[in-house]
Amino acid sequence: DNSYCLVAGLVNPDPSASHGPGACAYIDPNPITELNGNGHNYFRSQNPYVLNSYAAFGEAYYNVFQNLKLIAGLRWTDDRKHFSEVPSELLVDGWGYPITGVVNQVWDQFTGRMAMNWTPNLDFTDQTLFYGSYAHGYKAGGANPPGAVLLAYGGGPGEISNPIHPLTFKPEFVDAFELGSKNTLLDGALTLNVSAFYYNYENYQISEIVDRTSINLNFDAHVKGAESEATYEPLPGLRFNFAGGYEDARLAKGSKAVDLIDRGAGTPGWIVLKPFVTQAWNCV
């Protein structure tokens, strides 16, 4: 489309020329192993940021009885992120990838955990541990890459040359509960461990590939399940192992998102089309 911009079929004569009518896209002449990173003849996605994270934490143990131990831990975290917004560009005029803005984020959070370990003396086991725990966890949020700047072609209805992405995503929190038991039996020949868990996520961070780049979205979610494992060694050198688990994980409150692997949702007769190669969007 802009072959008039090329010298000897390769390079924009003035890569620093201003944008505007008649301006040219800079064509990187280097082989793919030595790209200079400023060309508009390939799609480059970047999301540079600086992270400063500070934390203080500690844990305490208390023996209530000889066979009963309590554990408590506390953590304070300070996260500071500084993002430079760099839109990707494909086949648009100009040279390089200018920074179009900055995003500064700060979070201060307290997290921690509590646990109990009980080791009773039981007649039918060699050694037994019952445990229970609760933990409150945190993961910092961040900023998504800005939407790309794409070649506008014809200006037809619905044409999107500057797709908009969510600018930021929220920090993730989880409340995790677990109960379990570990047992040794038959003079050490048999071990049997079982546990059950429940995780309650707030603003669970899910990454999706959108408009040729990766963005993060937030959803509430619940995970529950159980696990078990056992080993049995009836004779020296002969061992049987078993492990199994059950898990039920789902988004909460009816949250939904487009399945990017199956945009047509498996509906017969539906196909996915890209109206034009430089456009970010698809039609179903």
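**View 1. Strands in the predicted model.** Helices (H or I, at least four residues) and strands (E, at least two) are DSSP runs, numbered from the N terminus. Go by that and the protein has zero helices and twelve strands, so the element order reads β-β-β-β-β-β-β-β-β-β-β-β from the N terminus on. This is a predicted model, with local features needing pLDDT of at least 70 and side-chain atom pairs counting only at pLDDT 80 or more, while totals for chains, interfaces and linings use all residues. Residues are numbered from 1 along each chain as its sequence is written, and side-chain values use heavy atoms, with hydrogens and water left out.

**View 2. The largest nonpolar core.** Five residues make it up: Val 174, Phe 197, Tyr 201, Ala 221 and Val 223. Strand S10 (190-210) and strand S11 (213-235) each bring at least two residues to this core. A nonpolar core here is a set of buried Ala, Val, Leu, Ile, Met, Phe, Trp, Tyr and Cys residues joined through side-chain atoms within 4.5 Å, where buried means under 20% relative accessible area (1.4 Å probe, protein chains only). Of the protein's 284 residues, 32% count as buried.

**View 3. Around Ala 221.** Leaving out residues up to four places away in sequence, Ala 221 touches Tyr 199, Asn 200, Tyr 201, Tyr 204, Arg 250, Leu 251 and Ala 252; a contact is heavy atoms within 4.5 Å.

**View 4. An aromatic cluster.** Phe 197, Tyr 199, Tyr 201 and Tyr 204 form one aromatic cluster. Rings of Phe, Tyr and Trp (its six-membered ring) pair if their centres lie within 6.5 Å, and by this rule there are eight aromatic pairs.

How values were computed
Phe/Tyr/Trp six-rings, centres within 6.5 Å; stacked < 30°, edge-to-face > 60°. Buried < 20%, exposed > 50% of the residue type's maximum accessible area, 1.4 Å probe, protein only.
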